[in-house]
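Dear colleague,

Please find the structure below, handed over for your own work.

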Amino acid sequence: MKNFFCFLLLLLTAKNVLSKRGATIAFMSDKSKEIDRYASALFLTEKLKSERDENIRRTLNPLAYFYLKATKGKNHNKWMSSPLITEQTKEVHRNFLLQAGQTISNCDLSITRFNQIAKEVSNNKRLANKVNRLVKEHERRSKVESNKFLKGHSNIEMFAKSLKEIEELRLSERKRLMEALEISVLPAGLCDGSMAKISSPIVKKACENFSEKATSIARSNGLKSRQFDLLARKSRKDLFYRFKVLRAIKRCKE
C-alpha cells in the first residue's frame with residue numbers, strides 16, 4: 001500500500017506538470033527523479049513520525065515524557081537508552097523504524113541513500129527549497145484526495161456498517177472474555193496503553209485478536225485501515241457528520 005501511495009504521489013505530480021498550459025514537456029533527469037522520490041519518502045515518513053510520537057507520549061508517564069523531551073530533544077533513538085523507557089515504548093519505536101525503512105524502500109531508495117540525500121539537502125539551500133515545495137505538493141494532494149473520500153456518501157454507509165459489526169464483535173468478545181476469567185465486570189479501557197501493561201496474557205491476546213478482527217470487518221466492508229481512521233477522526237471532530245453516521249447505523253439495524 002505504501003508502495004502504491006508513493007507511486008501515486010509521483011504520478012499526480014507528473015500529471016500536474018504536463019497539464020500546465022504552455023509547459024515544455026521534458027524528461028526529468030535521474031537526479032530530479034531521485035529528489036522527487038526522496039520528497040515522497042520524506043512526506044510519508046514524517047506522517048509515520050507523527051504517529052510514533054503520539055504513541056510514545058501515550059505509553060510513557062507524563063513526567064518521564066517531558067523530562068526526556070527536555071533533556072534528549074527530538075532524537076528518539078537517544079530516548080531508548082533511558083531507564084524511563086518502557087518495553088511498550090521500545091516496541092512502538094521498533095515498529096516505526098521497520099515501517100519507515102519499508103516506506104523508503106518502496107520509494108526506490110536505500111536507507112543509506114535516503115540519509116545521504118538528507119545531508120545534501122541540509123547543506124544546499126536551493127535543494128532544500130525544492131524538496132520543501134515537493135513535500136508541500138504531496139501534502140496538498142493527499143488532503144484533496146482525503147477530502148474527496150470523506151465526502152463520498154457511500155463511505156458513510158460503509159463506515160456505519162463497519163461500526164455496527166465491530167460493536168457486535170466487541171460485545172461478543174467481551175462476554176467470552178468474562179466467561180474465560182470467570183468475572184461479571186470488565187474494567188473500562190482494558191486494551192488501552194496503561195491498562196495493557198498490567199493485563200494478563202489472556203486479556204492481551206483477546207485485545208490483539210479484537211484489533212485484527214475489527215480491521216478485517218472494515219476491510220470486508222470496503223474500507224482500508226487508513227480510510228477507516230480518517231472517517232473515525234472526522235466523526236469525532238464533526239458533530240454533523242457524527243449525526244449522519246448515527247443515522248446510517250440506525251438504518252443498518254432496521
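**Overall fold and helix H10**

Along its sequence, the protein chain runs in the pattern α-α-α-α-α-α-α-α-α-α-α-α. Please bear in mind that this is a predicted model. The count for the protein chain is twelve helices and zero strands.

Some totals describe the chain as a whole. Of its 254 residues, 35% are classed as buried. The accessible surface of the protein chain amounts to about 16900 Å², and carbon and sulfur atoms account for 56% of that surface.

Helix H10 spans residues 201-220, 20 residues in total. The distance from its first C-alpha to its last is 29 Å, close to the 28 Å expected at 1.5 Å a residue.

The buried residues of H10 are Val-203, Ala-206, Cys-207, Ala-214, Ile-217 and Ala-218. Because these residues cover an arc of only 100° around the axis, they lie on the same side of H10. The other side of H10 carries the exposed residues Pro-201, Glu-212, Arg-219 and Ser-220. Burial here refers to a relative accessible area under 20%, and exposure to one over 50%.

After H10 comes Gly-222, which has a positive phi, near 90°.

With kind regards

Definitions and conventions: Residues are numbered from 1 along each chain as its sequence is written. This is a predicted model: local features need pLDDT of at least 70, side-chain atom pairs count only at pLDDT 80 or more; totals for chains, interfaces and linings use all residues. Side-chain values use heavy atoms; hydrogens and water are left out. Helices (H or I, at least four residues) and strands (E, at least two) are DSSP runs, numbered from the N terminus. The expected span of a helix is 1.5 Å times one less than its number of residues. Buried means under 20% relative accessible area, exposed over 50%, partly exposed in between (1.4 Å probe, protein chains only). The arc is that of the directions from the helix axis to the C-beta atoms. Accessible areas come from the Shrake-Rupley method with a 1.4 Å probe; for residues, only the protein chains shown count as cover.
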